[in-house]
Amino acid sequence: MGTVEQPQRVTMTRAARRVLEAAERLFYERGIHAVGVDLIAAEAGVTKKTLYDRFGSKERIVVEYLAGRDERWRAFLARYLDDHLDAAHATPRARVLAVFDASRAWSASFGAKGCSMVNAHAEISDPSHPAFPVIAGQKEWMLALFTGLARDIAPDDAERLGRTLMLLHEGALVAHGLNVFPDPVAHARDEAAALLDAVTAGA
């Protein structure tokens, strides 16, 4: 899959920030299609005219909502890795498992309903929608992350290993959002650890 071109972003004024904060909460809690601009404007304490003046359309609000979630996740992951992996213990295996640990921490604090990108894709599957590149781009980034980490463990099989790690990770996020069974991200981490041990043992 080629790199997805990212959409233009909206310049945030104080009113725009209020709109976005209300929309972020409502979209994540209720779903994108279930939330209209009337409710967003009311929750933000602005008029519909102000909302449209700042964003132009509901679709642009969705773009900002998803792009903001993505930015916060990437920053959270970077901080988590910095805080939990020192140079002496930052082995390739430890870095992979730390991504799962970071996802578990993020899900506990910010993701009770699962991955916002996966949830959004259930409602937005048309590639022409302006938010689609944000959704696809986030998952491309995660695949590239796992593939890059896998390359340090199994250089000759990095693509396959990276895809397998991503499948474990993304499946765990879906199971978390559906509350299928307790602590699926920890379970996925354990499976990833077993996989990495098997890969290194066979090297």
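Author: Let's start with the term itself: a salt bridge here is a side-chain nitrogen of Lys or Arg within 4 Å of a carboxyl oxygen of Asp or Glu. Keep in mind that this is a predicted model. Searching the whole structure turns up twelve salt bridges. The general idea is simple: side chains of opposite charge can pair when their charged atoms come close.

The protein has nine helices and zero strands, so the helix numbers below refer to DSSP runs counted from the N terminus. There are 24 positive and 27 negative side chains, with the centres of the two sets 7 Å apart.

Take Arg-25 and Glu-43 to begin with. Their closest N and O atoms are 2.7 Å apart, and the two form a salt bridge. This pair links distant parts of the chain: Arg-25 belongs to helix α1 (residues 14-30) and Glu-43 to helix α2 (residues 37-44), 18 residues apart.

Next up is Arg-95, whose side chain meets that of Asp-152 in a salt bridge, at 3.1 Å from N to O. Arg-95 is partly exposed at 25% relative accessible area, and Asp-152 is partly exposed at 47%.

The last pair I'd point you to is Arg-163 with Glu-159, a salt bridge with an N to O distance of 3.1 Å. Both residues are in helix α8, and because they are four residues apart, about one helical turn separates them. Arg-163 counts as partly exposed, with 48% relative accessibility, and Glu-159 is partly exposed at 49%. Since exposed means over 50%, Glu-159 at 49% stays in the partly exposed class.

To put those pairs back into the whole protein: buried residues make up 45% of its 203 residues. The protein exposes about 10700 Å², and carbon and sulfur atoms supply 53% of that area. Of the contacts with a separation of 6 or more, 70% come from residues 24 or more positions apart. As for overall extent, the C-alpha trace spans about 60 × 35 × 30 Å along its principal axes.

Technical notes:
Residues numbered from 1 in each chain as written. Predicted model: local features only at pLDDT ≥ 70, side-chain atom pairs only at ≥ 80, totals over all residues. Heavy atoms only, no water. Helix = DSSP H or I, 4+ residues; strand = E, 2+ residues; numbered from the N terminus. Buried < 20%, exposed > 50% of the residue type's maximum accessible area, 1.4 Å probe, protein only. Contact = heavy atoms within 4.5 Å. Areas by Shrake-Rupley, 256 points an atom, 1.4 Å probe, with all protein chains shown as cover. Lys, Arg positive; Asp, Glu negative; His and termini not counted. Charge placed at Lys NZ, Arg CZ, Asp CG, Glu CD.
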